[in-house]
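Hi,

Here is the structure I promised to pass on. Have a look at it first, then read my notes below.

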Amino acid sequence: MAPVSPVLNVMTRAAQKAARHLKRDFGEVENLQVSRKGPADFVSAADIRAEKILREELSRARPGYGFLLEEAGAVPGAADSDRLWVVDPLDGTTNFLHGLPHFAISIALVERGEIIAGCVYDPAKDEMFTAEKGVGAFLNDRRLRVSARRRLDEALFATGIPFKGLPNHERYLRQLARVMAETSGVRRYGAAALDLAWMAAGRYDGFWEMGLKPWDFAAGVILVREAGGMVTTLEGDSVTLDSSSLVAANELLHRELDKLLREAG
């Protein structure tokens with residue numbers, strides 16, 4: 001059974017409360033008020049409402065912690081400058097707005113720059129992924145381990161592909177071509193937090209993406225690490241909240257995937 005720590009209790013309860021509203025809105029997706037905040041990048045009434053609920057619930061349980069929020073941005077901690085909630089209220093917004101049941105709420109707790117706990121909740125499937133530093137990663141009550149595959153030609157990888165208004169289209173196509181030629185497949189589901197959670201669960205053997213924001217990956221990174229995986233940037237550096245790219249896999253496949261991506265340029 002997954003350990004129930006006070007901090008994970010706070011995170012999972014906040015996620016479940018926000019998820020109730022997301023599920024209701026998802027059922028009426030065609031009626032949502034939607035505004036544009038950039039090319040192919042949407043923000044919905046559901047997104048903003050979920051973020052408000054998460055902020056209220058987390059603040060009530062841990063007053064004084066700071067926030068880094070997708071919609072509202074950075075909010076300094078009133079009483080605790082060492083701890084920071086990193087929150088994505090709706091990872092997979094485009095999926096959500098198109099009626100695709102693949103989206104998640106992502107919450108991470110960062111202490112002095114280090115990710116120490118994470119929660120990724122998939123309301124459509126009622127799957128709660130949690131991890132805490134030194135404790136392990138779990139899906140509901142089941143302990144998670146990354147896959148043990150050792151061969152690229154047996155491995156399935158996940159990625160994110162840039163859309164209109166984002167750079168690096170040609171670079172991604174080179175990377176995709178290189179990885180496609182050596183592996184059993186590449187998937188693009190449109191929610192980085194769930195990609196990393198699924199990798200922690202062994203459903204994917206690895207993941208890479210560029211152009212990420214901290215709320216996209218913070219919770220997923222600790223899930224992968226606590227499930228025994230390896231995560232770096234595309235440049236081979238340690239991942240921080242300032243990172244914008246990720247390469248993740250088990251230790252052996254990480255070397256192989258990293259090599260393919262570097263060869264692609």
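Predicted model: local features only at pLDDT ≥ 70, side-chain atom pairs only at ≥ 80, totals over all residues.

Residues are numbered from 1 along each chain as its sequence is written, and side-chain values use heavy atoms, with hydrogens and water left out.

The cores first. A nonpolar core here is a set of buried Ala, Val, Leu, Ile, Met, Phe, Trp, Tyr and Cys residues joined through side-chain atoms within 4.5 Å; buried means under 20% relative accessible area (1.4 Å probe, protein chains only). The largest one has 42 residues, and those touching the most other members are Val86, Val120, Phe129, Leu144, Phe207, Leu223 and Leu246. Elements giving it two or more residues include β7 (114–122), β8 (127–132) and α6 (214–226). Helices (H or I, at least four residues) and strands (E, at least two) are DSSP runs, numbered from the N terminus. There is also a second, separate core of 33 residues, with Ala19, Leu22, Ile53 and Ile107 among them.

Take Val120: leaving out residues up to four places away in sequence, its contacts (heavy atoms within 4.5 Å) include Phe129, Ala197 and Leu223.

Now the helix pairs. α1 (residues 6–26) and α2 (residues 45–61) pack at about 160°, axes 9 Å apart. Axes are lines fitted to C-alpha atoms, for helices over the stretch in contact, and angles run from 0 to 180 degrees between N-to-C directions. That angle makes α1 roughly antiparallel to α2 (over 145 degrees; under 35 is roughly parallel, 65 to 115 roughly perpendicular and the rest oblique). Among the residues making this contact are Ala18 and Leu22 of α1 and Ile53 and Leu54 of α2.

The axes of α4 (residues 169–180) and α7 (residues 251–264) come within 8 Å and cross at roughly 135°, so this pair is oblique. Arg174, Gln175, Arg178 and Val179 of α4 meet Leu257, Leu260, Leu261, Glu263 and Ala264 of α7.

Last, Val231, which sits in strand β14 (residues 230–232). Is Val231 buried or exposed? It is buried, at a relative accessible area of 9%. Not counting residues up to four places away in sequence, Val231 touches Val221, Val224, Arg225, Val239, Leu246, Val247, Ala248 and His254. One of these, Val247, is 16 residues from Val231 in sequence and 5.7 Å away in space, C-alpha to C-alpha.

Cheers

How values were computed:
Buried < 20%, exposed > 50% of the residue type's maximum accessible area, 1.4 Å probe, protein only.
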